Amino acid sequence: MINKTEKIWMDGKFVNWDDANIHILTHTLHYGLGVFEGIRCYNTPKGPAIFRLDDHIKRLFESAHIFFLEIPFSKEEVKEAVVATVKTNKLSECYIRPIVYIGYGNIGLHPKGNPVNLAIAVWPWGAYLGEEGIEKGIRVKTSSFIRNHVNSNMSRGKVCGYYVNSQLAKREAISCGYDEAMLLDTEGYVSEGSAENMFIVRNGVLKTTPLTSIIEGITRDSIISIAGDSGIEAKEERFTRDEVYISEEAFFTGTAAEVVPIREVDNRTIGDGKQGEITRRLQSIFFDAVKGKDSRYESWLTYIWR
Ligand code: PPE
């Protein structure tokens, strides 16, 4: 069950958690065209701070632009609303979910004249793939479902409907006894997890999939920067599932998932079946960065009590 908090921001007003309701004929509910973000706020020595807020709000507006959704607020207003929602709920660490949706009005595929609504909810959300997963690594299954082709569901937008594909993959992986799915693209190359981007280390080289069939992950980008600053160049290069099988290390990245080592893929042990050395280094710098313990990444933080 989701951890209830006090208030949800809806179209400029705070409403009580239990009263944050919408009409059953809300357009997005029927047809899946809405865009959203997943952001995390972490506690730091200077109080709670939102990780890469500007980049998340930029991506929210980019997603909306791709799908012709006119957000009736400016980027600045949305950022302020996110900060206010965290403040009002008095949380030191939480997950933040802004969602832009097509509201009630016309039904049918062309939502002529329907309002575009925006809501922001926050709640405490622990380790997405488990505390043990973060430390010891998870077991992953190649999905029988293929990642949407870029011309069938454009992958730069973080759009609600994209997650039907993700849910099929996730459900299949769980029902087969794995923790998470790895989806291939339409050409058979690795794309991403159901809600994570993917990295491998092969012959000492850190690689991540190029931005052709994946969400342009902000955690992925953070890891590329952190790796560069640590003298490890991350290559954006396609790789196959068998290259994953024989990689020394593999890990997933995502806002919800954070940085999670992969210890097994399709029953093949990755490396020595534990969190790898490079993964451990990058994960540790990542957690220091989000928790305000590494001054090099200070500019990624938006403090709540400024
Ligand atoms: N790929 C997909 C498909 C994806 O959903 C996410 C985030 C990422 C990559 C990583 O992107 P980023 O968070 O910017 O590093 N998935 C969000 C939703 C998870 C959910 O279950 O809801 C998230 O992690 O917030």
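**Entry 1: α6 and α8**

I looked up how α6 passes α8 and found a right-handed crossing, where right-handed means that the near helix is turned clockwise from the far one by less than a right angle, and left-handed that it is turned anticlockwise. I note that this is a predicted model, in which local features need pLDDT of at least 70 and side-chain atom pairs count only at pLDDT 80 or more, while totals for chains, interfaces and linings use all residues. Residues are numbered from 1 along each chain as its sequence is written, and side-chain values use heavy atoms, with hydrogens and water left out.

For helix α6 (residues 218-229) and helix α8 (residues 277-290), I find axes that come within 10 Å and cross at roughly 110 degrees. That makes α6 roughly perpendicular to α8, the term for angles of 65 to 115 degrees, whereas under 35 counts as roughly parallel, over 145 as roughly antiparallel and the rest as oblique. The axes are lines fitted to C-alpha atoms, for helices over the stretch in contact, with angles from 0 to 180 degrees between N-to-C directions.

I then listed the residues that meet: T219, I223, I226 and A227 in α6, with L282, I285 and F286 in α8, contact being heavy atoms within 4.5 Å. By class, the contact of α6 with α8 has six nonpolar residues, one polar and no charged.

**Entry 2: S230**

I placed S230 in the loop between α6 and β13 (234-236). At 18% relative accessibility S230 counts as buried (under 20% relative accessible area, with exposed over 50% and partly exposed in between, using a 1.4 Å probe and protein chains only). Leaving aside neighbours within four places in sequence, I see S230 in contact with R281 and I285.

**Entry 3: α2 and α3**

I next took helix α2 (residues 53-66) and helix α3 (residues 75-88), whose axes come within 10 Å and cross at roughly 125 degrees. α2 and α3 are therefore oblique to each other, and their crossing is right-handed. Among the residues making the contact I noted L53, D54 and F61 of α2 and K75, V78 and V83 of α3. The contact of α2 with α3 divides into seven nonpolar, no polar and four charged residues.

**Entry 4: K170 and the cysteines**

I found K170 in helix α5 (residues 162-175), partly exposed at 21% relative accessibility. Not counting residues up to four places away in sequence, K170 touches L129, D179, E180, A181 and S194.

My search of the whole structure for disulfides (cysteine sulfur atoms within 2.5 Å) gave zero. The sulfur of C160 is 20 Å from the closest cysteine sulfur, in C94, too far for a bond.

Notes: Helices (H or I, at least four residues) and strands (E, at least two) are DSSP runs, numbered from the N terminus. Ala, Val, Leu, Ile, Met, Phe, Trp, Tyr, Cys and Pro count as nonpolar, Asp, Glu, Lys and Arg as charged, and the others, Gly among them, as polar.
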